[in-house]
Structure formats: structure tokens, C-alpha cells
Amino acid sequence: MSRSVNVAVIGAGVAGLCAARELRREGHRVVVFEKSDRIGGTWNYDPRADSDPIGVDPTREIVHSSIYRSLRTNLPRPLMAFLDYPFPKRENGGDSRTFPSHEEVLWFLNEFADEFGLREVVRFNAEVVRVERAEGRKERWVVEWKNRCDGCDSVVEDFFQAVVVCSGHFTEPRIAEIPDLDRTLDRFLVGSPGLGTGQVSGIEKWPGYQIHSHNYRVPEPFGGQIVVLIGFGPSAFDISRDIARVAKEVHIATRSPDVRVMKLANHDNLWQHTMVKCVYEDGLVAFEDGSSVYADVIFYCTGYKYHYPFLETNGIVTIEDKRVGPLYKHVFPPALAPWLSFIGIPEKDVIFQTIELQSKWVARVLSGKVPIPTEKEMMASVEEYYQQMQKNEFPKHVTHYLHFKEVFYVSSLTSLDFASHFAALMVFGGMSAVVGYSNWLAAEAGLPPVEEWREKMYVESLGNISSMQDNYKDQWDDAYWDSIINKR
Ligand code: FAD
């Protein structure tokens, strides 16, 4: 027998919209709380930025979206769709490129919301400020939210049997690949005096401007400047090229220990280095490879933290160095399952596909059609996963990277021949973790495995990203991929 539950979904981005669709399909009653006045989350470009460009001031005014004006997707269009709802090229107008602009993704999400009548379940201008267990009630959760509609500004409490957290995790800057700012500062303090004329300083005394990629929108403010950009992912790739069009010099610093200092091919002013070793009061930035540069800007493309300020679970769910835990299969905290769940936590994967499959699984678990293991069994599974990570010496912060083995492997490589690294990566572990997870979710939700071309396309996309070739987004072989997809 199917059970219908009243569910609060927090956030109306990709995850919240997809969760709402699946929950309603399963006959649940759904309210989506969205703090802004629109759907689409991250994909709403906002020209404003946080009041603190580096994002460490807890009292700063926060802008949700981290996307920049020039952003195009880093996955091809077929992987930016849902399994049963493709992302078509528009007949008239729009951006028909295979790696389209952020505006096109937002258009697609609006189409999706309209197609499934999702707006009718969204409460806009409704920021959730507290989610806590409601003792002694049939509805297990109290959801406290700020109602900013129609000129009113009140705090309201509602009660729900289940809560699905879909609030995103690309808003709270992470300053370096080490856990907290103090340790980050320590890292910069450990310097080798004598390089420059100034004193080795802590980063707080370094006189230049610091910014995190969360607050980057357009390159113009960096015109004529010397920028040190720390990072290695798709955003670092895009932003370094974007800024290099107007900056005097851009120096990319990565963690790889043996990167050779060199100017990148096809660029007059784009350099690569190893990680920043220390900074000086006179503006000098020294790299671990022995090179140094007087810089105007340090630009952090160092990722984001998971952040759920509204969630009060008495320590049942914790966040430690990018590990949200314990979470069974990245979704259910065992002690609170299935009444609390998280959609969209995994990173480094086909995000739309994962979100859709997680949503289907959660919806069917809530309706009682799909059983989940006991709390003890789920905890054992989580522990086993943690132990496996520890045994392989993977750091906590890659807990939710679906192909963490491969990512960690790449980040520890020592030369910059990315094509051969990528080939090695495939031999090392392939995309088995991503595909394995998707197919596991599909099986739980009673669906067939995902089509093989999706995995192939994802592998090809990662290869392109790793190749670090400018213009890879415009060199995609559409005809080849169309033939593969149509062969099904
Ligand atoms: P979000 O899109 O962040 O949506 C969360 C929603 O929750 C927002 O609308 C927010 O307003 C709302 N919310 C948050 N807190 C509350 C609260 N307390 N109360 C009420 N509402 C709340 N993915 C790809 O697949 N391909 C790409 O090319 C790609 N490029 C990216 C580039 C950048 C620079 C970034 C930052 C991300 C990129 N991503 C990409 C990842 C992208 O975030 C996901 O595709 C997707 O948007 C995640 O959706 P989400 O619903 O989990 O989170």
C-alpha cells in the first residue's frame, strides 16, 4: 500500500524542482520553500556580489548564485537534461550551442517547471530559517520560515512529516583545500624570508585585493592588473581565460608539486605555477616552485562548503571538512531516515541525472514502496565507506566526490600532460563509481540502468576538461554523438 506524506522541500533549484516533481508523481503533498522570487537557483545570473568579496565575514550580505556572465556549461547539453525530459535546441532564438550559456539552462528549467506545473507548489520569498524535530507530533518536523511576500515580513512555523533539503552547495566559499581559514593563513605564513624586499606577512597583511570565484561576474575590474589565481577546476579554467583578456598577467597556482613554471600555449600573459608558498607585506607572492610575482589580486577558485544554517539536528548531522554525515548513499542520515533527506550532495558527476535518480528514490522510499535498510545497517554501510576512504588515504573533503579516486589521483599528479593523465585515470578506475551509483539508484527506484552513451559522453567531457584546451566546447562532434544516441 502506498503512503502519502506531507513534505517540505527547501529550495527551487534543479534539485528542488526535480524532487517536487517526483514527490508529486508518488502522490505526496509538497510545499517548496524558495527564499528568492524565482526558480532555477544557481542558474539565475545575478550581477551583484556578496558584500565581502572573499566570503569569510559571517555578517556579509549573501548573493546565492556563483555564476559569471560568460559562463557556459561544462557538460554537453544531453547531460544537462533529465533522463525523461531532454534539453532541446530551440527552433527559434536561444543559444543552440552544445555547451550553452547559463541563460539557456535557466530557460530549460523554466520550461521544465511549467511542463510539470511545479510553480503552484513553490512558496516564493520564503526563506527557511529553522528545521527541527517536532517532539510528540505526527508531523515530525517544524519548519520555520520568513515570509516576505506582498509587503509582509513575518516568521511562520509549519509542520511536515518529511523534509527534503535541496538548498544547494555552491554559495559558501571555501578558501583553500584545507579545512579552515586559520589553517589557510598558517599555510601562507610559512614562508622563506629573503625573497622580496618586504617582510613575510600573514595573508591579512598582504596589501592586495582578495576575491573568491563566488563573487566573480565580469573581467573588466581586473583590467591591467596582475592576478594570482589559485585553483584547478572548470571555474579556474574559465575565469583565468576570461580575466587574461583584460589583465596584465594571470598566474595560475595549483597544488601539483612538480608543475613547471611556464607560460601557457596560445596566451601571452597566462602562466602556471605550483601552490602559493608565502606572501609579503610589499605585495610579493611566492610560489613553492621558487618563482614569485608582485600581484594586485589573489583570486580563490577553491570551491565551496556545504552549509545548512537552518538545520538543527542535535549533532545527528554534522559537516566536517566538506563531509556531510553520516549520510547513507549521500542522501539519508540513518537516524532520521527516511524523514530527512538531502538531494544533490554529490560532486564531480552528472549532476542533473544524479538529482533525478535520488529524487525518485526518496519519493518511493517515502511512499513505502521501496524499503531501506535498518538504521544499524545504514550506519555500517557509511562506516565501511569511510574506512575504505581512510585505507586509500583519501581526505575527508572528497567524501561526496563520486569519482574521488580519479579526482584525487589527478590532483596529485606531477606533470602537466593532462591527456596522458586522463588516459591513466581511465585505467585507474574509470567512471565506475559514477555509473555504479546512478545504476544503484535506478535499481532502487525500479528503473532500468542508465543508457551507456551517457557514461561514454561523460568520460569524453571529462577528457576535454582535463585537456585544458581552449575552445574545447566548440569542438564537440555533434554528428558523432547524435549517431550514438540515435543508435539506441
Ligand atoms: P541551487 O541551484 O543552488 O538551488 C538551491 C536553491 O535553494 C536556490 O534557489 C536558493 O535560493 C534556495 N535556498 C537556499 N537556502 C534556502 C533557504 N534557507 N530557504 C529557502 N530557499 C533556500 N552543473 C552542471 O551540471 N553543469 C555545469 O556546467 C555546471 N556549472 C556550474 C558552474 C558554477 C560556477 C557553479 C557554481 C555550479 C555549476 N554547476 C554545474 C553545478 C550547479 O550548481 C548544479 O547544476 C545545480 O544548479 C545544483 O542545483 P541545486 O538545486 O542543488 O542548488
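Which strands does helix α1 lie across? I looked this up in a predicted model. Helix α1, residues 14-25, lies across β1, β2 and β7. I took its direction against β2 (29-33) and got about 170°.

**Whole chain**

I counted 11 helices and 23 strands. The chain has 488 residues, and 54% of them are buried. I then checked contacts with a separation of 6 or more: 65% of them join residues 24 or more positions apart.

I traced an open sheet of five strands. The order reads β3-β2-β1-β7-β23, and the pairing is parallel. I looked for its edges and found β3 (122-123) and β23 (340-342), each pairing on one side only. Next I followed β1 (residues 6-10) against β7 (residues 162-165). These two strands pair in the parallel sense over four bridges. I marked valine 7 as standing opposite alanine 162 in β7.

**Helices α10 and α11**

How far apart are the axes of α10 and α11? I read 10 Å between them, with a packing angle of about 160°. Helix α10 covers residues 452-467 and helix α11 covers residues 478-486. The angle is over 145 degrees, so α10 is roughly antiparallel to α11.

I listed the residues that meet. Helix α10 brings Trp453, Lys456, Met457 and Glu460. Helix α11 answers with Trp481, Ile484 and Ile485. Sorted by class, the contact holds five nonpolar and two charged residues, with no polar ones.

Key:
Residues numbered from 1 in each chain as written. Predicted model: local features only at pLDDT ≥ 70, side-chain atom pairs only at ≥ 80, totals over all residues. Heavy atoms only, no water. Buried < 20%, exposed > 50% of the residue type's maximum accessible area, 1.4 Å probe, protein only. Contact = heavy atoms within 4.5 Å. Pairing = 2+ DSSP bridges. Axes fitted to C-alpha atoms, helices over the stretch in contact; angles between N-to-C directions. Parallel < 35°, antiparallel > 145°, perpendicular 65-115°, else oblique. Nonpolar A, V, L, I, M, F, W, Y, C, P; charged D, E, K, R; others polar.
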